[in-house]
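These are my notebook entries on a structure that I examined.

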Amino acid sequence: MADEPIIDVAGLAKTFSVLRKAGRVRRRREDVVAVAGIDLQIERGAMVGYIGPNGAGKSTTIKMLTGILVPSSGRVRVDGLEPSRDRAELAKRIGVVFGQRSQLWWDLPLRDSFDLLRHVYRVPAARHAANLARYAEGLDLGPLLDVPVRQLSLGQRMRGELTAALLHDPPILLLDEPTIGLDVVSKEAVREFLVGLNEEQGTTVLLTTHDLTDVERLCERLLIIDHGTLIEDSTVAGITARYGTERTLVVDLAEPGPPLQVNGARVTRVEGPRQWLRFRRDDVSAAELLTRVTAQVDVRDLSVEEPDIETIVRAIYAR
Amino acid sequence: MASLGVWRHLVGARIRADWQYRTSFFLFLLSQTAVACMDLAVVASIFSQVDSLAGWSGAEVALLFGLSGVPFGLADLTISQVESASRHIKAGTFDLFLLRPVPALLHLSASEFALRRAGRVLQPAVVLVIALVVAPIDWSVETVALLLVTLVSGTLIFGSVWVVTSSIAFWTVESQEVANAFTYGGSLATSYPIDLFATWMRRLLTFLVPLAFVAYFPAARMLGRDQPLGLPSSVAWATPFVAIASVLAARAVWALAVRHHRSTGS
């Protein structure tokens with residue numbers, strides 16, 4: 001049991017039939033493929049990032065994992081259950097946060113929402129109190145518990161949403177855009193909390209996001225979906241190594257000059273005495289390139305920029 | 001039973017939330033009562049012109065009015081919130097109900113509970129009590145049992161109609177108009193003796209949307225009147241069975257609708 005993947009998906013597909021305009025009055029029924037056959041295994045305790053452009057099929061996949069949507073074909077097992085059939089039982093084992101949809105009671109204090117969820121999920125009072133105390137401290141919610149949800153800032157509310165999703169101790173946490181619209185400080189607080197949760201309780205986390213910093217900070221593994229198909233499934237480091245072959249050497253010269261002409265690199269930007277030289281790690285090492293530059297001009301300062309995941313992902317989408 | 005506990009907590013939360021908008025609450029309660037009284041005024045004004053309607057006296061029609069109005073009000077109070085499924089589907093928030101370990105229908109109707117709809121029960125209840133006193137009813141143990149069973153069954157039948165018609169939203173998204181034609185329209189139709197209607201309408205109300213069982217058949221038996229369409233007097237006792245069948249049908253349609261749910265947006 002413990003060695004079985006907690007999320008096990010094979011040949012998962014979802015096709016929607018939609019009515020399209022065909023002429024003035026006529027409508028034609030058309031099939032739109034949202035997810036076109038996904039195979040996926042996620043181990044217990046993993047933190048996995050799930051990214052892709054809008055409309056690629058991320059949310060549709062998440063909804064099939066929770067049982068909200070019934071798959072058109074394929075096999076889904078989440079913690080040994082079939083989501084669309086065992087939806088209510090599965091609900092006790094997953095926590096879900098939709099960044100754009102609140103599951104809190106808008107007009108009631110945060111504390112009341114948590115208390116209602118205790119009844120909905122039938123959490124024993126003592127365990128509820130212990131969990132609430134722990135998350136309220138971890139997410140710094142203490143002073144907010146008696147504030148009506150509608151008066152909370154987006155960042156405060158998101159911390160409330162996370163607590164709401166976790167009070168019933170789910171082994172799986174599904175996060176759909178958990179940091180959307182948050183300021184830098186709130187984002188960081190949410191990320192730190194998630195790392196701690198994963199370490200301390202071994203919660204399996206699957207998150208979709210547009211913010212690749214989330215992925216870099218949180219996930220070892222990255223899934224990329226496009227047009228309903230998984231186009232990448234490997235470690236973040238692996239993807240960086242495979243696609244992030246172009247590095248940049250930034251040099252501050254003694255004085256401004258024309259763009260340098262160096263073998264194995266090309267200047268992509270000049271700003272006063274500072275120049276950016278892009279090179280491929282396969283062609284030349286950073287040390288070798290620096291030697292070639294210093295043979296021509298005086299260098300005051302330097303740094304090497306690794307490609308960030310954002311650039312890499314943009315390159316993968318563009319293929 | 002455990003579900004009932006959850007329902008109570010969710011409804012309590014909703015009432016507490018609504019209480020923050022007290023003025024709105026009382027204004028709505030007032031308008032609801034006014035609307036309910038208008039329905040009554042229509043019946044009253046008809047009887048100011050005629051002595052009987054299709055052979056039914058004023059007191060007898062009042063009995064119909066009460067027998068139809070009380071279950072309708074109870075269904076309106078407890079389950080009509082299923083109408084909001086349409087709005088939740090459009091906003092994408094219906095998904096949240098599906099993520100909880102309690103039945104989505106129970107969660108939805110409890111979360112959208114509106115105490116102000118209680119006005120819809122009170123007014124027909126008053127009419128019913130008056131009708132029970134003044135109408136020529138052959139009182140017996142059977143009549144009392146029939147009355148109680150009818151009120152419960154009627155609530156279940158109206159509730160089922162609400163669930164079935166609201167389920168259409170899962171296919172069309174827009175469904176409130178259709179739902180209202182059957183629910184509010186049905187409530188109006190059951191407030192009058194069905195002898196007033198053409199035969200096709202009587203058949204529709206008996207066999208397709210079984211609203212004649214809510215009030216008409218039981219009222220006819222309580223008053224010792226002949227049943228329409230050549231049906232025996234005991235057809236009144238079919239009401240609880242019709243209610244059970246309606247609930248089972250509504251459950252099946254709702255389950256099918258939820259499986260068909262397409263969940264809009266991201």
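I counted three salt bridges between chain B and chain A, a salt bridge being a side-chain nitrogen of Lys or Arg within 4 Å of a carboxyl oxygen of Asp or Glu. I noted the salt bridge in which the side chains of Asp112(A) and Arg16(B) meet at 2.6 Å, N to O.

I recorded that this is a predicted model, in which local features need pLDDT of at least 70 and side-chain atom pairs pLDDT 80 or more, while totals for chains, interfaces and linings use all residues. Residues are numbered from 1 along each chain as its sequence is written, chains are lettered from A in the order in which they are written, and side-chain values use heavy atoms, without hydrogens and water.

I then listed the contact of the two chains (heavy atoms within 4.5 Å): 29 residues come from chain B and 32 residues from chain A. The buried area is about 2,800 Å², with 56% from carbon and sulfur atoms; this is the accessible area (1.4 Å probe) that two parts lose on being put together, summed over both. Leu99(B), Arg100(B) and Pro101(B) supply 24% of the area that chain B buries against chain A, more than any other three residues.

Twelve residues of domain 1 of chain A are in contact with eight residues of domain 2 of chain A. The two domains bury about 890 Å² between them, 77% of it on carbon and sulfur atoms.
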